[in-house]
Amino acid sequence: MIKNTSLNGFKRWQSQLGNINSWLLIALIFTFTMSMAIGNALLFLILILWLIEGDFAKKFNKIKNNPVAWAAIAFVGLHFVGLLWTSDWGGARFILKKEVEYLMLPILMTVVRPQHIPHYFTALILAMLIAVGISYGLYLDVLPHYSVLRLENSDDTTPFVSHIVYNPILAFTLYLLLYAVFLRKDLSVTLKTIGIVLFIIMGLNMFLTEGRMGQLVFLVLLALFVFQYYQGQLLKSVLLSGLLLMTLAPAAYLFSPVVQERVNQAIHEVKHYQQEPNSSVGLRVIMLLNSIEIIKENPVFGVGTGDYRQEYRRVNQQNFPEATRGEELKHSHNVYIQELVQFGILGLGVLLYLFYTMLRHYRQSDSPLKPVMLAFPVFYGVIFFTDGYIMDHYLSLLFLSLGALLYTEYGQRHG
């Protein structure tokens with residue numbers, strides 16, 4: 001009798017785990033930019049509860065016909081296959097530790113709940129609103145540089161994460177606000193007004209902080225939003241998005257000292273990459289040139305999962321021995337180039353297939369989230385050109401959480 005009561009109690013608790021996990025995912029989205037440890041702990045807890053919950057046949061049925069889930073599995077699988085022709089096992093362990101995380105995408109697809117979709121997005125917007133508030137406090141010197149904010153130096157105004165991560169996430173959050181205010185029909189006037197105010201406050205912060213990639217991808221998403229808002233009106237979309245870009249980009253350069261300094265610095269470093277090989281942009285140019293040489297030597301299958309750094313060192317010593325900074329990095333600052341170096345055309349094909357499945361899902365969808373389903377691969381497609389974001393902890397968690405909720409088949413209209 002006692003045994004049956006305990007078993008029934010466990011089954012009742014077990015039946016609640018799916019809902020609990022969805023709330024944990026909301027907590028993950030809210031906290032992942034604030035703490036790497038909390039983010040990892042929540043992701044691990046979700047996995048443990050997912051395993052205890054069981055019901056694997058039902059979960060498998062939910063993802064078995066989802067090409068995005070299988071593309072993520074193929075992406076991770078390629079990194080294991082690439083071990084066959086790698087020789088640097090230390091490098092391979094580091095890469096696998098980063099990329100195996102993408103197996104959580106199909107798992108999270110079985111965790112997300114349609115009734116919680118507004119909460120997922122609200123969690124991200126609130127998290128970035130807090131970060132922006134702190135950023136303004138630092139910019140205006142009204143907030144001390146507490147160690148918990150993990151600032152890189154006395155001029156740093158992007159709390160918790162570097163500007164390389166902060167601004168791209170802020171850019172996507174700004175797009176979500178535009179989507180909510182102008183493309184959703186079910187928001188009240190009050191919420192739309194709040195959304196516009198937040199967009200202005202957070203948008204100004206974008207150009208007060210460093211982070212050229214975030215500013216660039218924000219302009220790209222802004223142009224995309226114009227096309228989505230004026231859907232079916234191609235000429236108007238082209239003219240208005242062109243006008244916005246031609247207005248905002250020069251205005252940001254003229255009126256934001258931070259943007260002006262960063263743009264001038266980038267132009268200078270590109271022109272003088274040989275004289276300043278360890279500068280931010282100069283190093284990227286050199287890493288690109290060295291990586292292309294490695295790709296030419298191994299065009300079809302690449303150098304293997306873990307051999308990027310040792311091959312890079314070899315080529316760099318021949319071409320730019322003074323550019324020592326690049327030899328310490330474990331990626332080429334460009335995800336597409338990185339995949340080509342590691343796995344050749346095969347690797348680039350698998351990565352592009354992941355994007356293709358997302359775009360195909362977008363085309364076939366009638367979800368209210370459809371505009372975001374297009375903005376998501378556009379966002380990652382752009383930022384992947386400038387850094388190893390596919391191995392970045394924060395951008396990976398954003399990819400997993402938002403990718404799961406955007407490309408899951410919920411079986412009914414939602415959002």
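Axes here are lines fitted to C-alpha atoms, for helices over the stretch in contact, and angles run from 0 to 180 degrees between N-to-C directions. I take helices (H or I, at least four residues) and strands (E, at least two) as DSSP runs, numbered from the N terminus.

**Ground rules**

I am working on a predicted model, where local features need pLDDT of at least 70, side-chain atom pairs count only at pLDDT 80 or more, and totals for chains, interfaces and linings use all residues. Residues are numbered from 1 along each chain as its sequence is written, and side-chain values use heavy atoms, with hydrogens and water left out.

**Entry: helix 11 and helix 12**

I looked up helix 11 (residues 212-229) against helix 12 (residues 234-255). Their axes come within 8 Å and cross at roughly 155°. That makes helix 11 roughly antiparallel to helix 12. The classes I use are roughly parallel under 35 degrees, roughly antiparallel over 145, roughly perpendicular from 65 to 115, and oblique for the rest. I noted the contact residues (contact means heavy atoms within 4.5 Å). Helix 11 contributes Leu219, Leu222, Ala223, Val226 and Phe227. On helix 12, the residues include Leu234, Ser237, Leu244 and Ala249. The crossing is right-handed. I call a crossing right-handed if the near helix is turned clockwise from the far one by less than a right angle, and left-handed if anticlockwise.

**Entry: helix 13 and helix 14**

Next I took helix 13 (residues 257-271) with helix 14. They pack at an angle of about 40°, with axes 7 Å apart. The two helices are therefore oblique to each other. Their crossing is right-handed. Ala266, Glu269 and Val270 of helix 13 meet Ser280, Val281 and Gly282 of helix 14.

**Entry: helix 5 and helix 6**

I then checked helix 5 (residues 67-81) and helix 6 (residues 89-99). The angle is about 165° and the axes lie 10 Å apart. Helix 5 is thus roughly antiparallel to helix 6. This crossing is left-handed. Phe75, Val76, His79 and Phe80 of helix 5 make the contact with Ile95, Leu96 and Glu99 of helix 6.

**Entry: Thr305**

Thr305 sits in the loop between helix 14 (280-297) and helix 15 (308-319). Its relative accessibility is 0%, so Thr305 counts as buried. My cut-offs are under 20% relative accessible area for buried, over 50% for exposed, and partly exposed in between (1.4 Å probe, protein chains only). A polar atom of the Thr305 side chain lies 2.6 Å from the backbone oxygen of His79. Not counting residues up to four places away in sequence, Thr305 touches residues including His79, Ile95, Leu96 and Phe343.

**Entry: positive phi in one loop**

Asp141 has phi near 60°. Asp141 is in the loop between helix 8 (117-139) and helix 9 (163-183). Phe160 lies in the loop between helix 8 and helix 9 too, with a positive phi of about 75°. Buried or exposed? Asp141 counts as exposed at 65% relative accessibility, whereas Phe160 is buried at 12%.

**Entry: the record**

An unreviewed entry lists residues 198-351 as "domain: O-antigen ligase-related". UniProt annotations may be inferred rather than shown by experiment. In the model, the span is 72% helix and 0% strand. The end C-alpha atoms of residues 198-351 lie 34 Å apart.

Key
Polar contact = N/O pair within 3.5 Å; in protein donor to acceptor, adjacent residues only side chain to side chain.
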